[in-house]
Amino acid sequence: MASPTKYIFITGGVTSSLGKGIIAASLGKLLQARGFTVTIQKFDPYLNIDPGTLNPYEHGECYVTDDGAETDLDLGHYERFLNTPTSQSNNITTGRIYNNVITKERKGEFLGKTVQVIPHITDEIKSNFYKLGEDGKYDVVITEIGGCVGDIESLPFIEAVRQARWDLGPNNFLVIHLTLIPYLKAAKELKTKPTQHSVKQLLEAGIQPDILVCRTEHHLPSDVKKKLALFCNVQLNSVIEAMDADTIYDVPLLMKKEKLDERVMSKLKLSSKQNTDLENWKDFLGKLKNPTQEVNIGLIGKYVSLPDSYKSIIEAFTHAGASIECHVNLKLISSEEINMDNFESKLKNLDGILVAPGFGERGFQGKLETVRYAREKQIPFFGICLGMQVAVIEYARNVLGLDDANSTEMDPQTKNPVIALMEEQKRIDQMGGTMRLGAYTCELKKGSKSYSAYGKLKIQERHRHRYEFNNSYLEQMEEAGMKATGKNPETGLVEVIEIKNHPWFVGVQFHPEYKSTVLNPQPLFVKFIQAAIDHKVK
């Protein structure tokens with residue numbers, strides 16, 4: 001299979017969480033900056049069909065693409081770095097692979113053959129490797145293989161990578177192995193043995209890595225690099241040092257300094273289309289590292305002990321803050337720890353309050369107290385998804401006087417379901433992929449805070465939720481001062497609510513954080529931070 005598209009595979013060893021996603025995104029950014037079209041995909045070795053049903057404590061946040069795919073949070077990094085949207089094809093799990101193969105078997109597509117891991121599972125994996133490269137849209141497809149080399153569940157993926165070398169030919173295929181060089185304090189030494197073992201496991205699987213990227217807390221002296229090159233069978237200039245960075249956004253520049261992109265281009269026989277253009281990126285980093293002001297913003301949620309649960313929101317604050325040269329001190333506060341007696345002490349000294357998305361009743365009461373505090377004390381407030389729904393419930397209870405107002409998610413029997421299931425959702429009994437997912441159009445009202453943020457009447461934002469604002473309460477709400485300033489033009493569903501007599505009180509049913517990138521900060525986050533700055537000045 002001769003291919004005009006070049007394929008790069010990134011594997012990891014020694015330990016997980018070394019940052020394969022950030023290395024993939026950084027390499028993608030460097031190649032993009034040289035004029036190549038690049039996409040990145042993630043193959044996850046777990047059996048869930050997608051991360052949609054996973055608890056955020058298991059795997060961090062679930063990221064949603066325009067086409068409604070529930071995906072791994074690494075796809076968020078790919079979009080934030082490359083500024084190009086991903087899709088369902090960019091994230092494949094073992095569960096999806098097996099599901100596809102078993103579905104084909106049930107339909108009789110294997111003509112009675114015995115269905116096996118090799119060739120049937122590996123063929124399915126490979127067809128997904130190549131899918132994004134087949135339409136000729138991309139010069140380079142980068143594939144990140146989740147997990148660690150040596151994990152039982154990763155074996156079929158590693159075998160599929162080995163076979164891909166033969167399918168694609170030597171100049172169209174490259175393996176980068178990301179590994180750890182630990183520093184032993186007692187011995188005052190960097191140790192290469194874990195990396196040697198990791199590469200040995202790859203070699204046993206039939207794969208010789210072309211480039212080693214070594215995560216390390218200390219610079220790698222030349223003798224350590226020579227040892228790695230010798231024992232891991234790679235060229236000396238293909239041993240790349242990846243030092244810990246102050247921010248993930250430094251990594252593309254660090255990788256450029258280490259000439260990672262040059263090594264990749266030389267091995268894939270890619271001739272550069274242009275000189276690297278990273279001026280916008282450097283400009284962003286300059287603003288990020290030299291803020292002229294700062295604000296304290298509280299992120300109120302129930303998964304705060306694992307910040308990755310709110311990865312996109314945290315990064316959206318980084319992009320938006322940098323765009324107006326403001327450092328955002330983000331304080332993650334557990335909604336379970338907020339109650340009627342302590343909310344003042346928990347929430348004081350905040351210049352802005354964001355109530356985060358989530359599911360279920362745990363921590364719900366704390367979110368209600370938080371919204372009331374922000375509304376009554378005139379503190380800039382931003383509610384996302386469940387955060388917007390909590391704002392509606394709080395307003396119905398404390399302003400409209402509907403004491404039992406609730407969401408049917410929290411209380412199916414509530415007499416005043418101001419938030420309820422859509423009719424078509426009531427018939428669904430499975431969990432995975434059954435929400436309103438992906439990009440939907442929203443029409444904004446002129447003169448609203450949200451309109452002034454976006455500067456246009458029609459926007460498209462991504463959703464991930466089941467419950468909606470109950471329109472039978474809309475008139476009451478609007479009369480009392482909570483306005484629906486954004487609606488879905490097809491269904492009339494409320495997408496944005498705002499309170500008029502408040503410096504900045506905006507709740508959105510969608511997830512604006514998913515579309516925030518380094519080069520296109522999310523406008524609502526920018527305006528929210530600006531409102532927090534203005535509030536602080538007072």
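Tutor: A residue is buried at under 20% relative accessible area, exposed at over 50% and partly exposed in between, with a 1.4 Å probe and protein chains only. This is a predicted model, where local features need pLDDT of at least 70, side-chain atom pairs count only at pLDDT 80 or more, and totals for chains, interfaces and linings use all residues. Residues are numbered from 1 along each chain as its sequence is written, and side-chain values use heavy atoms, with hydrogens and water left out.

Student: Is C232 buried or exposed?

Tutor: The cut-off for buried is under 20%. C232 has a relative accessible area of 0%, so C232 is buried.

Student: How many disulfides does the structure hold?

Tutor: A disulfide is a pair of cysteine sulfur atoms within 2.5 Å. The closest cysteine sulfur to that of C232 is in C214, 7.7 Å away, which is too far for a bond. The count of disulfides in the structure is zero.

Student: How far apart are the end C-alpha atoms of helix 5?

Tutor: Helices are DSSP runs of H or I with at least four residues, strands are runs of E with at least two, and both are numbered from the N terminus. The expected span is 1.5 Å times one less than the number of residues. Helix 5 (residues 117-131) has 15 residues and should span 21 Å, which agrees with its end C-alpha atoms being apart by 20 Å.

Student: Which residue's side chain does the side chain of E70 join in a polar contact of 2.8 Å?

Tutor: E70 lies in strand 4 (residues 70-71) and counts as buried at 3% relative accessibility. A polar contact is a pair of N or O atoms within 3.5 Å; within protein, one must be able to donate a hydrogen and the other to accept it, and residues adjacent in sequence count only if both atoms are side-chain atoms. The partner at 2.8 Å is R464.
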